[in-house]
Structures are given as structure tokens and as C-alpha cells.
Amino acid sequence: MNKLFLSSLIFLISASLSKAQDELKLWYDHPAENWLESVPLGNGRLGAMPDGQVFTENVILNDITLWSGSPQDANRKGAKEHLPEIRKLIFEGKNVEAEKLVNKHFISAGVGSGGGDGADVPYGSYQVLGNLKLNYIYAKDSSAIQPENYTRKLSLDDAIATTEYSIDGVDYKREYFTSFSNDVIIIRITADKSGAINFNLGLDRPERFETSVTGDELQMRGQLNNGKEDEEGMKYLTRVQIDQDGGELSSDDKTLEVKNANTATIYISSATDFRDFAFEEKSESYLKKAMQADYENEKNAHIEKYQTVFNRAKLTLKNENVEQAELPTDKRLMAFTEDTSDNGLPVLYFQYGRYLLISSTRVGLLPPNLQGLWANTVRTPWNGDYHFNINYQMNHWPLDVTNLGMLNEPFYTLIEGLVEPGKKTADVYYGGDGWVAHVITNVWGFTAPGEHASWGSTNSGSGWLTNMLYRHYSFSLDDDYLDDIYPIIKGSAEFYLSTLVEDPRNNWLVTAPSNSPENGFKTPDGQVAHITAGPTIDNQIIRKLFQNVIKASEVLDVDAEFREKLAKAESQLPPNQIDEHGRLMEWLYPYEEVEPTHRHVSPLWGLYPGDEISVTDTPEFAGASKKLLERRGDISTGWSLAWKINLWARLQDGNHSFKLIKDLLKPVGVKAGNLDGGGSYPNLFDAHPPFQIDGNFGGTAGIAEMLIQSHSDIIQLLPALPDQWAEGEFSGLRVRGGGEVDAKWKKGRMISAQLKASMDHKFKIYSPKDEQGRYSIKVSDDTPVEYTEDYYTISLKKGEHITIILKS
Ligand code: FUC
């Protein structure tokens, strides 16, 4: 194919695809009738979800740091004295008896997470900050007028929401954003007739608040329950001021009122004393600075900051179903169940995941919790905490591949904060070295096991976390970062090295007690147990951890002796095993599962997010993984569907991944007449149910995984492209080794791709022999390219790039 022809082809494709790319928005033709119909805004600290009602609007406000509870020592004293007995019972096959002992002596002290309802116990809960309640007043009584031309929108291009309608001959517009510039929430109300804006507003929350007006400022302040006797927990202060043009501003002791204004801009500033004693001053200075800035300047600064991050990755799929793509988002979601040819919807979902990640975490602060930073109650499901048996990790799956690597910092900082408390937990329960975290944590550094053996004893949580810390290094190759994480990942490896025990049947080194996240099995005598030794996921995680620490110590040239110990122990870890049905085994022994379709697909960790099982290198285990995945079935909770998108992508079955995208996009909610089962709410929040943001992030990662893979340091382009996505393009997807890839494809075949190196690295690109000649590599200079055994290998220096084109 000649060059000229190729570039005109690429131009034509880009032109035909660009229309769909303009449409990155969620929109509705009616106000939100419940929380899950309203759109989320967030600047990584503050969140806002306006319902867009015409007469009485509620804007739900959030602050990612707002937690009840307090630090506590939840380690159960004397736990390790029971360890030998627990282990003995496990190895004698008396799992039920072992589980009883775990429940008695080896769970957290106190009430742990309060059964997931821990708002008033020391564990605490992430809580809604409050409600901004607005009453809009029009010239005529609400019973006499009806709004027309109503639209409500969230633009992902500029992170701004709008509500527009006409009423009684006046066009109104509200513009909302959580500013990435001056860290406040801003709502601007305009009308096309002067003096037409009339409203009053107040603030409240379900409990623990006082409101007052000082001068022109409405304040809400309070103190949450720390779960201890004095109940003196976290303090917060929210301030609201209005900047108006024309008309009058007045107040009583609880509300602000605007009459006959031409425009009104509402500024909401809020802060808590989480790690910050000067929070009252801070909330004041944020407010002042934002109000001093010109509105348009503030908005533009917000857009610019947001776009610098958001625009780093783009995706377009050719979409011929324009009619469906133009439907309001709730109807579009419904229509997708019947007709999946609206390729713009998965693209929107992909970019929405990136938007949500950018909006729910910030460098220097906290990572997204179970609901990102959007909660509407003081008792958030599962306390809106950080779960380590899938959820917290899944929240960060799209981070590197979709070019948001800078948001790894809060993920890292939370883990770093677990090291000191985790050392105590390691000692009190296991007499172990290093540090450990189990299944849950809060912002107070909780590392003890959960309060029930059936779910709370998984102790590979910290291993999984540290593997993700290393994964970020694989993408960035930033040695300073490796230096920072090394003590953390080493400490995690030290824990397992010091606490693994020999399984008497095979002399393998195993964790005990532990469990395969939340799944139970039948013991040979027909009883149900969870507690076991060496579940497959633990073995895979620890194997990877030891390998990572070995590699890191080599790069950093430290700890040669420790490296040897790790290598020796690694060789004694249990291998993956296949049962008589040809399925990958979940436990060390071929137990029968209690719930064959259990949502956790833990033994497949080695396939994704791990990489020890792959179609190319370990086809036998890939086949056994597939059999297990088939046994689990597709339908499950939101995050489980999302995990399976990634798993099928690793099995290189794009059509099956696509089928799971359809499942993840199944409408859930009051109007869909469906409140059960995984899927998506009208605002495209993931339904576990209830709302849990992990599925959004896992789905985004899954779409990326279908388009590009780089596990085991091998780049695979379009490894799991479904038939439905025959034509498209992406840019800015990242691969391990510090590379960034742009690609275009047509008729399911890649026509051109570019790999840019952001670090010096030897890249390997998979191009199987039977299709040899399918790609030729055109290099920007004379860099040599090797082709051996299915792979192109090419060394690039930082800043260099290569073009990969379809060979004629
Ligand atoms: C894990 C899962 C549940 C839920 C909870 C928040 O424990 O097993 O399904 O997602 O986290």
C-alpha cells in the first residue's frame, strides 16, 4: 500500500468518525427524579449532584474527606496464640472447626466495620456532606406554569453540567461545576430577560449540623461521631455566598434569598479538619479567591485544568446508529438492550470512567472510595470504604492504560499509610514480619481482619495492593517511584515470607488461615467452610509479589540476600492446578463450590489483573480458566461483570467481552423496572446494586484491554476486538515499558499504529507467525527491528516513535 493512499484513507476515516467524537455527554429531557438520575460533578475533593428540578432543586454535596469514626486499635490481643491450633485443624481437614476458632479469636477486636453499617462505631462511614436546597420562584405560581424545552446535561469534554428550560416566556440556564481551579462548587443562573431570577436557598444534612447566616454568608457546620464515648469526631464547615447582578440579596437566619436578579452565581466552599486544623480558614480563603475571580476566567481555568488530564486519551468507534446515539442517555441505555449497534455508548462509558476517576481523586488527597466521592446518606453502603478483595484495586485498573498515571499518587499514599498499622496487625495475629492489610480499610488506617471469618480473613489484600504499586512502575519505568515503593512492597513480601507455612500434603508454602474472597466450599463430609490454606488467588498474588520484589531489588541494586530467599520461597509456592472437570482450581484441594456462580472470580487473578496465565504462554491454564469462567456464568453484580470483560479480553474473545459490556449496560433503576442485578443506573453509575463505582472503572479498563494489552511486557494491538467494533481509532493508550500507542483500524484489521517511547525501552510487539507479514514496522530513523518467534523487538530511546502499518 503506498503512503499517499494510506494517508488519504486515514484522513477519510478520521473525518467520518469525528462527528461521534463530538458527543461526549450525558443528557436528559427531564429533571432527575432520584439521585441515580442526577449527574455527578467532582474535582477530586468536592462533589455535587444537582437534580435539575425546575421549582425545588436539590444539589447533593460531597467532600471526599468527610468520615465519621476515628483511629482505633482493632487488633485482637492474643490472636497469634491460637494460630498453631487453627493451622493444625486446617491441615487435618477440619476447616469448619478451624473457622469456628477464627471467628472466636482471629477476627477484628470490637465490632470491626459494624457489619458494613459503621457510621456510629470507631470504624466510621464516608458520609454525604449535605444538600443545597433551592426554591425557584417565577412570576406565576408553579401550578399555573409548565417548563418547556427542558434539557439537562453533563459534558465530559469540559466537566460542566447544565440545566436549561423556558418557563413563562423566559429562557433559564444553570451552569454547575466543581472547580478544578479554585476548589469550590459554582452554580451560575442566567435568564434571557433581565430581573427574572428569583430564588432562595438553604443547607441541611440528615444529622449533626447547624446552619446560620453571618453577613451575606450561609454556613453549615457540625461534628461527626467518632464512634467513641465523647462522639467528638471530624468537624466540617460549609459556606455559601451568592454573587448577583441586579436585584436584591437578603437573608434570614437560615436562608439566602435573591430577588429580581439578572444573573446569580452561587459559590459553595467546604472543608473538614481531616489532617487539617486550619479548615475554617481554608474554606474561607477558597471562597474569597473564587469570588474574586471573574466567572468566565474561573470557568476557563477549570476547563483547562480538567482537559489537560482528560484529553490524554481518545477513543472513537464508527457509529452508524446515529438515531439511537442522539437519544437522551436514559433512553439510549434502554435502547441498547435491544440494539447494540450504538457504538457511541461504549465509547461514552469508557470516557465516563476516565471522567469519574479524574473527578473522584486528587494528588495529595484520597483515592476514590466505593462510591468514588458521591454519597447521598450518612450511612453509605459498606461504609463507602476501601475494600481490598477487588473493589479498591478495580477502581484503579484504568489508571495507567488510559493515561491517568498521575492519579496513582493517592492510591499509593493510602497504602503507605497502612504500613505502620499493618506491622502491628502482622505481629498480633501472625507473629509475622513486615506488614499486612486484610479486606477493608477506612481513612483511619484499619488493617485488622474483618469481623467474620467468611469474608474478613483474606490476607492477600496487601499483596494485591503492592502488586498494583509495582504495576504502575511497569507502565512508567520511573526509578524514583520504584525507590519510594520499594520499602512498602518489600515489607509486604516480608510478611508473606515470614508467615507462609508448609502444607503437609505437598510441602508447598501456603497462607493459613485465609480464604478465597467470600467464596465457600463443601468439605468432604458435606459441611460449608470458607477458611482454608493457600487459595489459588493467594498463591498467584504472592508469586507475583515475590517476582516483583526480586526485579525491583535488581533494578535498585539492593538486598541480594533477601532476593535469594524470595526466589527459593517462590519456587515452593503451589502451582496452578486443574480439576477433573478441566477447570482451574480455586482452592488447594478440589472442593465443590457452594455457589458455582459466585461473583468473585478470584482464582482467575492470574489471568487478569495478573499475567501468569495467558493464551500465548500457558494455553492449558488459559483453557482451564475459560472453563471456570463459563461455570461462573456471565450474569452477576456490576463489578463482577466488569472483571469478566477484562478476563474475556485476556482470553482474546472480544465478542464475549462485548456481551458483558451489554450486561454491564443493562438498565437498572425505578423506571427500568429493575432494581436487582448488575448493570447501570440512568446516570450510568454502576449498579452492584447498590451504586458502586468499581464497575464503572472496571468497565473502562475492560474496554481498553480489548483494544490493547501489554502484560508480560508484550504489546498486543487489538487483541480482543468484537465484530461490532470493526472500525475505529484511539490515541494515548499506555503500555508497559513507558510507551504510548495511537491506532486506527478498519474491517477489524489495524491499518496504522504509532508507538511513542516516553522512556528508553526495548519493546516487544506480538505479531503471530501464521500472520507473518501482516504488519510491517516503519521506523522514524534507522533503528533496527528484529522479528523472531512471533515478536517484533525494537529498542527505542525516550522521545522516539515508530509507525506500524499494515503491509500490502
Ligand atoms: C466485596 C464484595 C461485595 C461488595 C463489597 C463492597 O466484599 O464481595 O460484593 O462489592 O465488597
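The side chain of Asn-576 makes a polar contact of 2.9 Å with the side chain of Gln-540; a polar contact here is a pair of N or O atoms within 3.5 Å, where, within protein, one must be able to donate a hydrogen and the other to accept it, and residues adjacent in sequence count only if both atoms are side-chain atoms. The side chain of Asn-576 also makes a polar contact with the side chain of Glu-612, at 2.8 Å. This is a predicted model, in which local features need pLDDT of at least 70 and side-chain atom pairs count only at pLDDT 80 or more, while totals for chains, interfaces and linings use all residues. Residues are numbered from 1 along each chain as its sequence is written, and side-chain values use heavy atoms, with hydrogens and water left out.

Asn-576 lies in the loop between helix H17 (560-571) and strand S24; helices (H or I, at least four residues) and strands (E, at least two) are DSSP runs, numbered from the N terminus. Asn-576 counts as buried because its relative accessibility is 12%, given that buried means under 20% relative accessible area, exposed over 50%, and partly exposed in between (1.4 Å probe, protein chains only). Residues up to four places away in sequence aside, Asn-576 touches Thr-536, Gln-540, Arg-543, Leu-584, Glu-612, Ile-613 and Phe-621, where contact means heavy atoms within 4.5 Å.

Helix H16 (residues 536-556) holds Asp-538. With a relative accessible area of 0%, Asp-538 is buried. The side chains of Asp-538 and Thr-511 are joined by a polar contact of 2.7 Å. Beyond its neighbours within four places in sequence, Asp-538 is in contact with Asn-459, Ser-460, Thr-511, Ser-514 and Asn-515. The C-alpha atoms of Asp-538 and Pro-40 are separated by 36 Å, and these two residues are 498 residues apart along the chain.

A further polar pair involves two threonines. The side chains of Thr-447 and Thr-425 form a polar contact of 2.6 Å. Thr-447 belongs to the loop between strand S19 (440-441) and helix H13 (453-456), and its relative accessible area of 4% is why it counts as buried. Its C-alpha atom is separated by 4.4 Å from that of Ala-437, which is 10 residues apart from Thr-447 along the chain. Not counting residues up to four places away in sequence, Thr-447 touches Leu-418, Pro-421, Gly-422, Thr-425, Val-436, Ala-437 and His-438.

Asp-400 is part of helix H10 (residues 398-401). Asp-400 counts as buried, its relative accessibility being 6%.

The peptide bond from Ala-512 to Pro-513 is cis, with omega near -5 degrees, and Pro-513 is placed in the loop between strand S21 (509-510) and strand S22 (521-522). Tyr-608 and Pro-609 are likewise joined by a cis peptide bond, with omega about 10 degrees; Pro-609 is in the loop between strand S24 (592-593) and helix H18 (619-632).

Positive phi values occur in residues other than glycine. For Leu-718, phi is near 45 degrees; this residue lies in the loop between strand S28 (714-717) and strand S29 (728-735) and is buried, with a relative accessible area of 12%. For Lys-747, phi is near 45 degrees. Lys-747 sits in the loop between strand S30 (739-746) and strand S31 (749-757), and at 74% relative accessibility it counts as exposed.

The protein as a whole contains 21 helices and 36 strands. A compact globule of 808 residues would have a radius of gyration near 28 Å, and the protein agrees with this at 27 Å; the radius is taken over C-alpha atoms, and the globule rule is 2.2 Å times the number of residues to the power 0.38. The C-alpha trace spans about 80 × 75 × 50 Å along its principal axes. Of the 808 residues, 62% count as buried. Among contacts between residues at least 6 apart in sequence, 69% join residues at least 24 apart.
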